Structure formats: C-alpha cells, structure tokens
Amino acid sequence: MQSRLIFIIFLTITVNAQSEVELLNKSDLEKLISKREGKILVLNIWATWCIPCREEIPDLIELQRKYSKDIDVVGISVDFPDEVEKRILPFIKQQNIRYKMFVNNMKDEDLINFFNVKWNGAVPASFIYEKTGKLTLFMEGKKSLKDFEGIIKELIM
Amino acid sequence: MIKHIVVIFVLFISILSAQVQKTDNFKLKDYNGKEYSLTDFENSKAIVLMFIATQCPVSNAYNSRMKSIYDEYKGKAISFIGINSNKQESVSEIKSHAKDNNLDFIILKDTDNKIADKLQASVTPEIFVLDADFNILYHGRIDDSRREDQVESHDLKSALDQILSGKEVSLKETKAFGCTIKRIQS
C-alpha cells in the first residue's frame, strides 16, 4: 500500500514536471505569435548548454514579473526534446522560471529560418512581436533587463 | 531614448543587410605566435575557415568531426584554418584545447574579433569555404546535427567534394544553432 502511494506520488510529480515544457512545432509557433490577446511577445531562444543564455534568464524573469500586464515572455529551448527532464526542467526549477517554456521539436534550420531575418543560429536570441503579431525587433546575444525595457516601454506607450 | 532607438534601428538594418560574398586578405597569428596570411594558402583548391571555440559545447561536439574532415581532405589540396574570435579564450587555452582534442590544423587567434566582423561570423562552429580568390563558396554548418549519430546531411563534406570535382556547390548557405561569438564591447 505504501509503495503504491509512493508510486502515485512519483507519477504525479513526473506528470506535472513534464507538463511544464511543451514540444514546439511550426503550428504552435504560428499560433503563439498570432494569438496575442493584447500583449507584446518576447520570444527568447536559449539552451541549457549556452552560458550567456543561462545568465540572461534572471533578467527575463524580472521582465515578465515587472510587465506582466503588457507582455508575455516565452522561452524556446533548443536542447533536444529528450533532454527535457534531465536538463531543461532542473534548470527551470533552479531559476524558478514561471513563464511559458517550449522545447524545439522542429529541425534546427527550420526554426532559424522561420523568423526570416539574417540569423545564423547564435543563441541567445530574442524576438519581440507587437500586439498585432508583427515582428518588431530581433536581438542576438545576451541582453539585460535595461535593454529589454528600452524597447518594451516604447511599444507599450 | 531617441538615440537608443536609433542605435537599435541601425543595428536591425545592419542585421538585415546583405551577406559577405568575398573577403580580402588578412593576417593573424596562431597560438604559437606564428603569423599567417590568407595569401599563404592561395594555391589551395579551397580554404576552409572554421570559427571555433574552446568553451562552447556545440563547437566541442564537433571536435572529432573537424579532425576527421581535416584528416580526410588535407591531402587533397584543401587548407583548413581554425579561427578563435572569442575574447575570453586565451592563446594558451586555445593551444591546450587543440592538443587535448587532437586538432592538428592551424588555429589562429582573432584578437578583437576583427576577422569575425569582416566575415560577419556570429556563431561557433561556423564555416566559410573560400576559393583561391577568397570568394565564399560555402557558408554555414559542418553538418545538420549536433548529435553525430543523427547526422543526415554532411554539408561541409558535400561542398568540398563538389569543389574537388569541379562542380558548383549546390547548397551554399546552411544554418545551425551554436554559441554566440563573444566579441569585445558586447
């Protein structure tokens, strides 16, 4: 009985943990961009193996917290989908990331080319979409809260 | 604030601007302090420039693949030059990393990322294959998967094979995820 209970608890934790990171296909990305519901979208492409990406995330967490009424920060990890439990979830928990998180399930090149900008795939990279779903800005490399705020404030006004 | 927006706008436009088609000669020193010039390799059938890193896990995932491609093509009049443009990776670190990973090709230190800027290289690993006149014949990834056992398209090797057989490179531009080159003042 006790072992069954432990098993159920274990199962619940596992199911909950897995539901935190969703697989991202092209249609999910299109839906994410088009269904803005009055909010600006900050799409952050990152990976657990990328040190500047990891360093940037606390600023993204703060950005989401500070401007939660006006923006949605969404993360797309380009780790492999089979690394969710081993790599992505432990990092999410350690950093206490509360914003929506996906893991790329497309071919790398298909995700890079989706954005239609001159981007060779260096991460981190962030894409800012207006409330209308229009791509306003592409930023490559680690950015600070101040960098993001400078752009967000203009778009909110 | 206006100044800030203008800077961002200029940055955005520069990102959208056309890619480099050809490069001119440059000189850089290797990790032993020996200077090389691109013209030293102008008798080659192709010059493979490889922007690499010591600390980037993606670049490191390609160490053995870079070595085997180098071993396969070095005897076929193709020159290989590794370039490290990362500001935080020192010459001594590059030297020991090359030794530890059996990277026997020339590796140059691109101090102040001047050559990365010239070629608009942004990621490691990132490849530029040049002809003897320094026209860019191929630009992009080594292959299509960071996991060696999942590679389907050997893009760099295909480009080199086409060059060696006198054909035009069919896939000139490819992309893949990698680490941002850490530039000065960035």
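# Notebook: a predicted two-chain model

**Chain A, overall.** I began with burial: of the 157 residues of chain A, 34% count as buried. I kept in mind that this is a predicted model. Next I listed the secondary structure of chain A and found 6 helices and 7 strands. Reading from the N terminus, I noted the order α-β-α-β-α-β-α-β-α-β-β-β-α. Among contacts with a separation of 6 or more, 74% join residues 24 or more positions apart.

**Leu43(A).** I picked one residue of strand β2 (residues 40-46) of chain A, namely Leu43(A). Is Leu43(A) buried or exposed? Leu43(A) counts as buried because it has 21 C-beta neighbours inside 10 Å, and the cut-off for buried is 20 or more. Then I asked which residues Leu43(A) is in contact with, leaving aside neighbours within four places in sequence. My list reads Val74(A), Ile76(A), Ser126(A), Phe127(A) and Tyr129(A). For Phe127(A) I looked up the distance too: 84 residues separate it from Leu43(A) in sequence, yet the two C-alpha atoms are 5.0 Å apart.

**Helix α4 of chain A.** Here I wanted to see which way the residues face. A handy reminder for me: an α-helix has 3.6 residues a turn, so residues three or four places apart point the same way. Just after the helix, Asn96(A) takes a positive phi of about 60°.

**Where the chains meet.** I turned to the contacts between the chains: 20 residues of chain B are in contact with 22 residues of chain A. On the chain B side, α1 (2-16), α2 (57-61) and β9 (178-180) each supply at least two residues. Which element gives the most to this side of chain B? The answer is α1(B), with 6 residues. Sorted by class, the side of chain B that touches chain A has 11 nonpolar, 7 polar and 2 charged residues.

In β9(B), Gly178(B) is the bridge partner of Ala122(A).

**Val123(B).** This residue is in strand β6 (residues 123-124) of chain B. I marked Val123(B) as buried because it has 26 C-beta neighbours inside 10 Å. Beyond four places in sequence, Val123(B) is in contact with residues of both chains, including Asn120(A), Gly121(A), Ala122(A), Gly178(B) and Cys179(B).

**The nonpolar core.** The largest nonpolar core has 84 residues. Those with the most contacts inside it are Val42(A), Val123(A), Val48(B), Leu49(B), Met50(B) and Ile127(B). I followed up Leu49(B), which touches Ile81(B), Ile83(B), Ile127(B), Phe128(B) and Leu130(B), not counting residues up to four places away in sequence.

**Confidence.** Last, I looked up the scores. Chain B has a mean pLDDT of 92, and 89% of its residues reach 70 or more. Over residues 13-17 of chain B, however, pLDDT stays under 50. A note to myself: where pLDDT is low, the predicted coordinates should not be read in detail. For the complex, the predictor gives an ipTM of 0.85 and a pTM of 0.88.

How values were computed: Residues are numbered from 1 along each chain as its sequence is written. Chains are lettered from A and ligands numbered from 1 in the order in which they are written. This is a predicted model: local features need pLDDT of at least 70, side-chain atom pairs count only at pLDDT 80 or more; totals for chains, interfaces and linings use all residues. Two residues are in contact if their C-beta atoms, placed from the backbone, lie within 7 Å. Helices (H or I, at least four residues) and strands (E, at least two) are DSSP runs, numbered from the N terminus. Ala, Val, Leu, Ile, Met, Phe, Trp, Tyr, Cys and Pro count as nonpolar, Asp, Glu, Lys and Arg as charged, and the others, Gly among them, as polar. Two strands pair if DSSP finds at least two bridges between them. A nonpolar core is a set of buried Ala, Val, Leu, Ile, Met, Phe, Trp, Tyr and Cys residues joined through C-beta atoms within 7 Å. A residue is buried if 20 or more other C-beta atoms lie within 10 Å of its own, exposed if 12 or fewer, and partly exposed in between; C-beta atoms are placed from the backbone. pLDDT is the predictor's confidence in each residue, from 0 to 100.
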